[in-house]
Amino acid sequence: MSEQPAPPWRTRPRARPARQPLSQQAVVDAALAVLGREGLGGLSMRRVAQELGTGPASLYAHVSGREELLELLVDRASAEITVPAPDPARWAEQVRDVARQSYRVYAAHTELALASLATIPTGPNALRVTDGLLAILRAGGVPPQPAAWFLDRLFLYIAGDAYEGALYAAKVRASGQDQRTWWTRLRAQLTEYYRSLPPGRYPQVQEYMNELMNGDGDVRFDFGLDLLIQGVAAHVPAGSARGGSAGGGSAGGGAG
């Protein structure tokens, strides 16, 4: 039997949609949405609770606070990174591939690049990437201490480069121009400015002006990445049978 309608003079409150059951995954999903719209400065437990249509107190059953929330966000992004099984003959190429993947992830989630700068990996995905890279480095003959310090410097480099790229991307969007037009205009302005500087005051800058401005973000990222890999390769003991080539890879593997 169908429900009897209420008389027209009696109003009933409109039914509200059922709330999404709270879980740690739901909290992280909401935090990602807030982060994408409002940036890292707008991310708070209160703001995430508003996104979920609940109060901040209900979030603490799933996340201890903003610090853990940031760790969970970084770990969520790390899930997109694939780490291969160690190949001693290709260890440098494998490190380079994982680094480029990480760069693409941070370039896609720009605010997470900034968040990761003060976040120690503790989540399963971030630890999986760290553990996998350590295995690759050790298989290539890199001693434990240089391998550990290399990873610290590597992720700092990746996050910093990705975040700088995000800042430039924001400037491009604010200008209303496409990326190529914006960069072409900026280079032209810089060239004109450098040439207008007093002769002899900055002779090296003026002489190598073209070299200073040459290369896009991908090329520059790969150049820095190769420097880091070649540096840690120098710690591989001479004559190590496991030490594969650490030579530079092809440019353009990153995204930015």
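Colleague: What pattern does the protein chain follow along the sequence?

Modeller: The model is predicted, and its protein chain has 11 helices and zero strands. Read along the sequence, the pattern is α-α-α-α-α-α-α-α-α-α-α.

Colleague: How many of the contacts, as a percentage, come from residues 24 or more positions apart, and what percentage of the residues is buried?

Modeller: Among contacts with a separation of 6 or more, 68% join residues 24 or more positions apart. Buried residues account for 33% of the 256 residues in the protein chain.

Colleague: With which residues is L43 in contact, leaving aside its neighbours within four places in sequence?

Modeller: With those neighbours set aside, L43 is in contact with A31, V34, L35, V48, R66, L69, L70 and L73.

Colleague: Let us turn to helix pairs. At roughly what angle do the axes of α4 and α6 cross, and what is the handedness of the crossing?

Modeller: One reads the angle between the axes, and an angle over 145 degrees counts as roughly antiparallel. The axes of α4 and α6 come within 9 Å and cross at roughly 160°. Helix α4 is therefore roughly antiparallel to α6. The crossing in which α4 passes α6 is left-handed. Helix α4 contributes W91, Q94, V95 and V98 to the contact, and α6 contributes V129, L133, I136 and L137. By class, the residues of the contact of α4 with α6 are seven nonpolar, one polar and no charged.

Colleague: How do the axes of helix α4 and helix α11 cross, and which residues in the two helices meet?

Modeller: Helix α4 spans residues 91-108 and helix α11 spans residues 217-233; their axes come within 11 Å and cross at roughly 140°. Helices α4 and α11 are therefore oblique to each other. Their crossing is right-handed. On the α4 side, W91, A92, V95, R96, A99, R100 and Y103 take part, meeting F221, D222, L225, D226, I229, V232 and A233 in α11. The residues of the contact of α4 with α11 divide into 10 nonpolar, no polar and four charged.

Colleague: Is P146 buried or exposed, and what distance separates the C-alpha atoms of P146 and V232?

Modeller: P146 is in helix α7. Because its relative accessibility is 18%, P146 counts as buried. The C-alpha atoms of P146 and V232 are 6.6 Å apart, across 86 residues along the chain. Leaving aside neighbours within four places in sequence, P146 is in contact with V232 and H235.

Colleague: Within α4, are S102 and A108 buried or exposed?

Modeller: S102 is found in helix α4, and at 1% relative accessibility S102 counts as buried. Not counting residues up to four places away in sequence, S102 touches I81, F155 and I158. A108 also lies in helix α4, but with a relative accessible area of 57% A108 is exposed. The C-alpha atoms of A108 and A162 are 8.9 Å apart in space, and the two residues are 54 residues apart in sequence.

Notes: Residues are numbered from 1 along each chain as its sequence is written. This is a predicted model: local features need pLDDT of at least 70, side-chain atom pairs count only at pLDDT 80 or more; totals for chains, interfaces and linings use all residues. Side-chain values use heavy atoms; hydrogens and water are left out. Axes are lines fitted to C-alpha atoms, for helices over the stretch in contact, and angles run from 0 to 180 degrees between N-to-C directions. Helices (H or I, at least four residues) and strands (E, at least two) are DSSP runs, numbered from the N terminus. Angles under 35 degrees count as roughly parallel, over 145 as roughly antiparallel, 65 to 115 as roughly perpendicular and the rest as oblique. A crossing is left-handed if the near helix is turned anticlockwise from the far one by less than a right angle, and right-handed if clockwise. Contact means heavy atoms within 4.5 Å. Ala, Val, Leu, Ile, Met, Phe, Trp, Tyr, Cys and Pro count as nonpolar, Asp, Glu, Lys and Arg as charged, and the others, Gly among them, as polar. Buried means under 20% relative accessible area, exposed over 50%, partly exposed in between (1.4 Å probe, protein chains only).
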